[in-house]
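Visitor: I would like to go through this structure with you. Please give me the cut-offs as we go.

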Amino acid sequence: MLELYHSEPNVYFLKPLIALEEAQAPFTSRYFDPGSLEQYSPRFPQNTESMLHLEREGPVLVDGGTILSGSFFILEYIAEANPGAHLPLADPLGRYRARAWGQFNALQLAPGVCALGCAKYLAPALKALDQEQLRARIERLEPKERRASWAAVIDGSYDEQTLAKIRERLGMPVKRIESALAAGRWLAGDTYSIADIDAFALLSPLADLAPELVGERATPRITEFLRAVRARPAVEKALAHARTPNPQQAFVPGAEPSRWG
Amino acid sequence: MLTLYHWEPNANSGKPMLALAEKGVAYQSHYLDLLNFDQHRPEYLRVNPDGTIPALVHDDRILTESTPMMEYIDEAFDGPPLRPADPKARWRMRWWMRFFDAYFAPSLSMIGWSVFVGPAVRHRDRRELEAAIERIPLESRRIAWRKAMFNEFSEGELAESRRRAAFGTDALEKHLTEHKWIAGDSFSLGDINGFNLGYALPISQPDRCNDQKTPHIMEWLRSIYERPATKATWAKGRTQMVERVKLLERKHAANRS
C-alpha cells in the first residue's frame with residue numbers, strides 16, 4: 001500500500017495527490033503540519049534523498065520500504081507504476097517535453113512561487129508563535145540549506161526589494177508557459193499529462209500572489225488552462241484532502257532560486 | 001537525421017555525447033566553441049533561441065535540455081537500455097540527476113568559471129566582451145558570463161560553492177557506498193550524468209576526493225572511464241581540459257614496483 005506524506009493540497013503537496021487520484025491508485029494519506037517541523041523527527045520516514053531534496057519541504061511517497069521524494073519525480077513514478085492511467089505521454093518526444101517542463105518549472109517557477117507565498121502567508125503565521133522557541137527549533141535543523149530556508153522566512157530576508165525582483169524574474173517562465181499554450185491546450189502534447197499536473201500546482205497560487213503576472217488579462221491561456229485542470233474530478237478529490245479553509249494559502253519554504261544571481 | 005550541437009565532452013555537452021556513444025548511435029557532430037561564444041551566434045540561435053549548449057536535432061525535433069535529452073536518446077533509439085526497468089531505481093536515477101544538475105554542478109561550475117572560464121576570456125577587449133554579453137538571450141546566462149568575465153563572484157558566493165562541492169562529494173561517496181551505480185545495481189544515465197560532473201573531482205577537489213577519503217567515488221569514476229564509450233567520447237575533445245580524464249587511468253601493478 002502506498003503512503004503519501006503530505007500537507008495542505010497546494011504547490012508541491014498538491015501534485016502527487018492529483019496524480020494518485022488520476023491513477024485511481026489506492027493510498028493511505030499521512031497528513032502532517034510542516035510548520036510544526038515534525039518532518040524532522042526521527043519518526044518521520046527519512047532517507048538521504050528525502051533530507052537533501054532540493055524542494056526543501058515537500059511530499060514523501062512511501063512504497064514498501066522505499067521512500068520517494070521530489071514532487072515531479074514522484075509524479076513520474078506514479079505515472080510509470082500505473083500505466084493504465086495514461087499520465088505519461090505516448091511518444092518519446094512528448095515524454096521529453098513533459099520532463100523538460102518539469103525541470104524548467106522546478107527551477108524557474110517554483111522558487112519564486114514559494115517565496116511569494118511564504119512572504120505573504122507563512123511569515124505572518126510564524127510571527128504569531130513564540131519567536132525564541134521557534135528560532136531555537138530552526139537552529140537545530142539539518143541540512144544547512146533547509147535550516148536557511150526557514151530562517152529566511154522569519155529574519156526579514158523577503159523585503160520589498162527582494163520580492164519585487166522575484167516577481168520580475170517570474171515573468172519569464174510565466175510568459176513562456178503562456179506562449180506554449182498557444183500551440184495546444186496541454187503543455188507537453190495532445191493529451192493531459194504529468195506536465196500539466198505539475199504546472200497547475202505551481203501556477204495556481206500566482207493568480208493570488210501576483211495577479212499582474214497570472215490572470216484573465218495578463219495570461220488568458222494560462223487562466224483557461226487552470227480552469228480546465230481544476231474541472232477534473234481527480235483535482236476536486238485531491239483538493240478535498242484540505243484540512244484548513246484556505247489550502248491555497250498554505251506555503252512552506254521551497255526550492256532556492258539560482259545562486260548565480 | 002541526427003545532429004548534436006555540443007562543446008567539449010564535459011558537463012552538459014558530455015551528457016548526450018556519452019549517452020549516444022553508449023547506445024551506439026551515430027550522429028553528426030557540430031562543435032561549438034563555448035569560449036568563442038559560438039552558442040550565441042545567429043546561426044545557432046536559429047536552432048536554440050536560448051543559446052545554451054547542447055542541442056539535439058532529430059529530424060524536425062529540437063531538444064535543448066541535456067538531462068531530459070538523455071532520456072529521449074534512451075527511448076528513441078535501439079541499443080542497450082540506459083535506464084533501469086524498475087520504477088524505484090528509475091526514481092533514484094532521476095532524483096540524483098537533479099541533485100547533480102541543480103545543486104552539485106552549479107557549485108562546481110561557479111568555481112570552474114571563476115578559475116578557468118573567466119580567465120580564459122578576460123584578456124580580450126572590454127568592448128568586445130560587453131558586446132558578447134549583449135548577444136546572450138537569457139538574463140541568467142548574461143549574469144553568469146558577466147560575473148565570470150569581470151571576476152565579479154563574491155568571496156561569500158565562492159565560499160558557499162566550495163562548501164557545497166565538499167558536501168556534494170561526501171553525499172556522493174555515501175551513496176556509492178550503498179549502491180554500486182547511481183540508480184542502484186545497473187549502469188544508467190545517472191552515471192553518465194555524474195561522470196560528466198565528477199570526472200575531474202580528483203583534480204578540482206584533491207583534498208576531498210581521493211583514494212583515501214572517497215574510495216567508492218574513485219572506483220566508480222575509474223569503472224566508467226574504462227568503458228569503451230567513455231574513451232571514444234573523451235577522444236572527441238579538442239582542448240586541454242579533457243586531458244584531465246586520463247588521471248583516472250589505473251596504475252598497473254608493474255608500474256608500482
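Guide: Start with contact: two residues are in contact if their C-beta atoms, placed from the backbone, lie within 7 Å. In chain B, 25 residues of domain 1 are in contact with 29 residues of domain 2. This is a predicted model: local features need pLDDT of at least 70, side-chain atom pairs count only at pLDDT 80 or more, and totals for chains, interfaces and linings use all residues. Residues are numbered from 1 along each chain as its sequence is written, while chains are lettered from A and ligands numbered from 1 in the order in which they are written.

Visitor: How do you know where the domains of chain B are?

Guide: The bounds come from an automatic or database domain assignment. For chain B it gives domain 1 (2–76) and domain 2 (87–256). Their C-alpha centres lie 18 Å apart.

Visitor: Which elements supply at least two residues of the side of domain 1 of chain B that touches domain 2 of chain B?

Guide: α1 (11–23), β2 (28–31) and α3 (66–76) of chain B. Helices (H or I, at least four residues) and strands (E, at least two) are DSSP runs, numbered from the N terminus. α1(B) gives the most to that side, with 8 residues.

Visitor: What makes residues of helix α10 of chain B count as buried?

Guide: A residue is buried if 20 or more other C-beta atoms lie within 10 Å of its own, exposed if 12 or fewer, and partly exposed in between; C-beta atoms are placed from the backbone. In α10 (residues 215–225) of chain B, B:I217, B:W220, B:L221 and B:I224 are buried.

Visitor: Why are these residues said to be on the same side of α10(B)?

Guide: The arc is that of the directions from the helix axis to the C-beta atoms. Here they cover only 95° around the axis, so they sit on the same side of α10(B). The buried residues of α10(B) pack against α7 (155–178), α8 (189–198), α9 (201–204) and α11 (228–234) of chain B.

Visitor: And chain A: how many helices and strands?

Guide: Chain A has 11 helices and 4 strands.

Visitor: Why is chain A called as compact as a globular protein of its length?

Guide: The radius of gyration is taken over C-alpha atoms, and the globule rule is 2.2 Å times the number of residues to the power 0.38. For 261 residues the rule gives 18 Å; chain A has 18 Å, so it is as compact as a globular protein of that length. Of those 261 residues, 46% count as buried.
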